[in-house]
Amino acid sequence: MLELYQWEISQYSEKVRLILDYKGLNYRKIEVTPGLGQIDLFRLTGQRQVPVLKDGNRYIVDSTEIAKYLDLEYPDRPLIPEDSRKRGLCLLMEEWADESLGKKGRIALFSAISQDQNFRQSLLPSSTPDIFKSVVAGVPRDVLTILGFGVGYSPDVIKGAIADLKQDLEALTLLLADSPYLTGDEPTLADLAVASLSILLKFPEVPYLDLPAGIRGKGVPGLADNPDYEPFFAWRDRLYAQFRKPLIGTPPTGNAPTSIQIE
């Protein structure tokens, strides 16, 4: 069985999960603990970042490379069109989604966490003790702002990312107004990338991810709740309903994350 070394809340891991579901491939999720787990992953693959896909004795790193590998090795339900123009457009949009929706989405989520203590608290696992939830919810916004500076998320950077994402969502909404998918009448890697990388902007209502129920349907203020972008998120949710397997009622061997194990 294919094995996916991942973080459950990572949009790039989600991109690979959606691709695997789209292709109808069974896989086992292996959750990599930040820090020590990444050291173990480096020993296995020479790569500290997730996602990493294991197929037999092969390790494939990076979500784009994983997508290309799966299209070659498991050609049913192809991700990348053969038509040269559609192929070029698909690859261009997939790369754009990685660089824009993926990276700026993390900045936008940090902004939402900083502003909303209830949202911040709801991101914690349900098993978190109430006293710790209260501590996390009570972290002053000024402290989070300082932490943001530490990782390069200054107020100006956050403001710029939100503005760019608004433009991106407007463009996507316009592109999808008269077309079922981004490059034509059939879904491609471009659609799967855009849909999956948008999860941090607004989490799906359906439990596709092993995350607390309190964050379902929630997202970044000004994006998730903006009626102008509702057609895009409705499109995203229809695509998920068509191709993504929800966690409820699925065998644990295929969807429940396990701890990383060194063979």
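Student: On a 1 Å grid over the protein atoms alone, a cavity is a set of points where a 1.4 Å probe fits but cannot get out. How much space lies in the largest cavity?
Tutor: The largest cavity holds about 70 Å³ of space, where a volume is the space filled by probe spheres set on the points, joined across faces, edges and corners. This is a predicted model, in which local features need pLDDT of at least 70 and side-chain atom pairs pLDDT 80 or more, while totals for chains, interfaces and linings use all residues. Residues are numbered from 1 along each chain as its sequence is written, and side-chain values use heavy atoms, without hydrogens and water.

Student: How many cavities of 30 Å³ or more are there?
Tutor: The count comes to one cavity of that size.

Student: Which residues line the largest cavity?
Tutor: Its lining (residues with an atom within 4 Å of a point) consists of Phe-203, Pro-204, Val-206, Pro-207, Tyr-208, Leu-209, Leu-211, Pro-212, Ile-215 and Arg-216. By class, nine of these residues are nonpolar, none is polar and one is charged. Here Ala, Val, Leu, Ile, Met, Phe, Trp, Tyr, Cys and Pro count as nonpolar, Asp, Glu, Lys and Arg as charged, and the others, Gly among them, as polar.

Student: Changing topic, in which sense do β3 and β4 pair?
Tutor: Strand β3 (residues 52-55) and strand β4 (residues 58-61) pair in the antiparallel sense, over four bridges. Pairing requires at least two DSSP bridges; strands (E, at least two residues) and helices (H or I, at least four) are DSSP runs numbered from the N terminus. Leu-53 stands opposite Ile-60 in β4.

Student: What lies between the two strands?
Tutor: They form a hairpin with two residues between them, and Gly-56 in the turn has a positive phi of about 65°.

Student: Which peptide bond is cis?
Tutor: The bond from Val-50 to Pro-51 is cis, with omega near 10°. Pro-51 is placed in the loop between α2 (36-45) and β3.

Student: What about Asp-62: is its phi positive or negative?
Tutor: The phi of Asp-62 is positive, near 80°, in a residue other than glycine. Asp-62 lies in the loop between β4 and α3 (63-73). Most residues other than glycine have a negative phi, and most peptide bonds are trans.

Methods. 1 Å grid on protein atoms, 1.4 Å probe; cavity = no way out; pocket = protein on both sides within 12 Å on 5 of 7 lines; lining within 4 Å.
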